[in-house]
Amino acid sequence: MGGTRTYEVRTYGCQMNVHDSERLSGLLEDAGYVRAPEGADGDADVVVFNTCAVRENADNKLYGNLGHLAPRKAQRPGMQIAVGGCLAQKDRDTIVKRAPWVDVVFGTHNIGKLPVLLERARVREEAQVEIAESLEAFPSTLPTRRESAYAAWVSISVGCNNTCTFCIVPALRGKEKDRRPGDVLAEIEALVAEGVSEITLLGQNVNAYGSDIGDREAFSKLLRACGGIEGLERVRFTSPHPRDFTDDVIAAMAETPNVMPQLHMPLQSGSDTVLKAMRRSYRQERYLGIIEKVRAAIPHAAISTDIIVGFPGETEEDFEQTLHVVREARFAQAFTFQYSKRPGTPAAEMDGQIPKKVVQERYERLVALQEEISWEENKKQVGRTLELMVAEGEGRKDGTTHRLSGRAPDSRLVHFTKPEQEVRPGDVVTVRITYAAPHHLLAEGPVLDVRRTRAGDAWEKRNTAAAAGPAGVMLGLPKVGVPEPLPAVTGGCAVD
């Protein structure tokens, strides 16, 4: 073939997929590939699609992108296309039948096989389809090309034991499998040694951690153990399930200084009737009780959620119950979704599918209410002095406004005046909040303090090295904590 082969990874879906793509990039670079230049848009020797299957039109999106690459592949000898992730796990041989120019199809359980499958496809000159039925090796044992020098995902479990009727993830990711606490902590310590100062513990149902290893308090113990890691400044986790949210976890959050005052806990619906149809093993009273306990223990906690509007059978009264919970909980932010059929889920076959017009009207009412509450809650931050971890790529207008952006401890996004002193992503600044909008805060006065950190040093070292070598294509910085609202077409799972 001659020369160094380039690769591009395109990622769709949830945080787990983003983290898997870091593994895929690490595997390819370990095998000698280099990332294609920014803006390559398919102009690489290997293009990998890491797919999501939770949206009704996920397959159409994939095949549209594959079709776009077909003529380019025909004109570029040696180019290979691979499809992995949840849609690959679900559709298997269908992908090659509908797009015979695809070279490799692999599933969620065997991402470590990608380089081998690419080479096998090249030598045999035929498509390689290999879908493992169960996890072959925990993904965290694989090489990784992390997208941030100062913040990192750390997977503590894979799979899910729930049977929510709107979700196909358990069928594609399998039953929950937990990592040993010692392995998790060893990875965190290694990351901190490299300069990472913020980690997000990641799991499909993160606070069920321990069910596979027989310890009901394993998650709270893990949070407390993170508090003992020197140099680790911020700890977050996503996404917990209300069923498994126990008092020991709340106590660990409140009593461990580097566990941030932020919680993302999916509601999905405020109606007990709908929750039962969803097979969500909690009810409105239980959910609001957790919120009350968290606020009592951590008064400044910012709480966010996921909500599905228009689930089959949802009545106007059911929807009003959702609005009631939103008013009571006063979420800092809510990721709202119009129900769409997930192929292969029980809900897709249920009676009482809600007309699109009705779903849209309810969705708009919910968004309007949450926007009002988000703005009111953000206004309470005006006048507060906050420490921000400077972020990369989160302030879309920073260049024109001469500002920088960062995340507060509770994960609120803050745009602040650029100081005369050099500030790098990963460094920490102290600012006073002067203005609030529904989705961000402003600190328009001078920066009160700048603290240069090892995380900033790590960012500077990485970018100096990158400037001397090939440019990279960013998959998108994994947002630590709760990100800004995503467009509805992104396919975010919102399953927990």
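Trainee: What makes the meeting of α12 and α13?

Mentor: Glu316, Phe319, Glu320, Leu323, Val326 and Arg327 of α12 meet Arg362, Arg365, Leu366, Leu369, Gln370 and Ile373 of α13. Contact means heavy atoms within 4.5 Å. This is a predicted model, where local features need pLDDT of at least 70, side-chain atom pairs count only at pLDDT 80 or more, and totals for chains, interfaces and linings use all residues. Residues are numbered from 1 along each chain as its sequence is written, and side-chain values use heavy atoms, leaving out hydrogens and water.

Trainee: Why are α12 and α13 called roughly parallel?

Mentor: Their axes cross at roughly 10° and come within 10 Å. Angles under 35 degrees count as roughly parallel, over 145 as roughly antiparallel, 65 to 115 as roughly perpendicular and the rest as oblique. So α12 and α13 are roughly parallel to each other. Helix α13 spans residues 356-379.

Trainee: What makes α11 and α12 roughly parallel?

Mentor: The axes of α11 (residues 284-297) and α12 (residues 316-329) also cross at roughly 10°, and come within 11 Å. Therefore α11 and α12 are roughly parallel to each other. From α11, Gln284, Tyr287, Leu288, Ile291 and Arg295 make the contact. From α12 come Gln321, His324, Val325, Glu328 and Ala329. The residues of this contact of α11 with α12 divide into 5 nonpolar, 3 polar and 2 charged.

Trainee: Is Ser197 buried or exposed, and how do you know?

Mentor: The relative accessible area of Ser197 is 4%. Buried means under 20%, exposed over 50%, partly exposed in between (1.4 Å probe, protein chains only). So Ser197 is buried.

Trainee: Where is Ser197, and what is Ser197 in contact with?

Mentor: Ser197 lies in the loop between α7 (181-193) and β10 (198-202). Leaving aside neighbours within four places in sequence, Ser197 is in contact with Tyr150, Gly231, Leu232, Glu233, Arg234, Met389 and Ala455. Ser197 and Thr385 are 188 residues apart in sequence and 21 Å apart in space, C-alpha to C-alpha.

Trainee: Which residues does the "Radical SAM core" annotation cover?

Mentor: The UniProt annotation, from an unreviewed entry, gives residues 146-377 as "domain: Radical SAM core". Over residues 146-377 the chain is 40% helix and 16% strand. The end C-alpha atoms are 33 Å apart.

Notes. Axes are lines fitted to C-alpha atoms, for helices over the stretch in contact, and angles run from 0 to 180 degrees between N-to-C directions. Helices (H or I, at least four residues) and strands (E, at least two) are DSSP runs, numbered from the N terminus. Ala, Val, Leu, Ile, Met, Phe, Trp, Tyr, Cys and Pro count as nonpolar, Asp, Glu, Lys and Arg as charged, and the others, Gly among them, as polar. UniProt positions are given in the numbering used here, feature names are shortened, and annotations may be inferred rather than shown by experiment.
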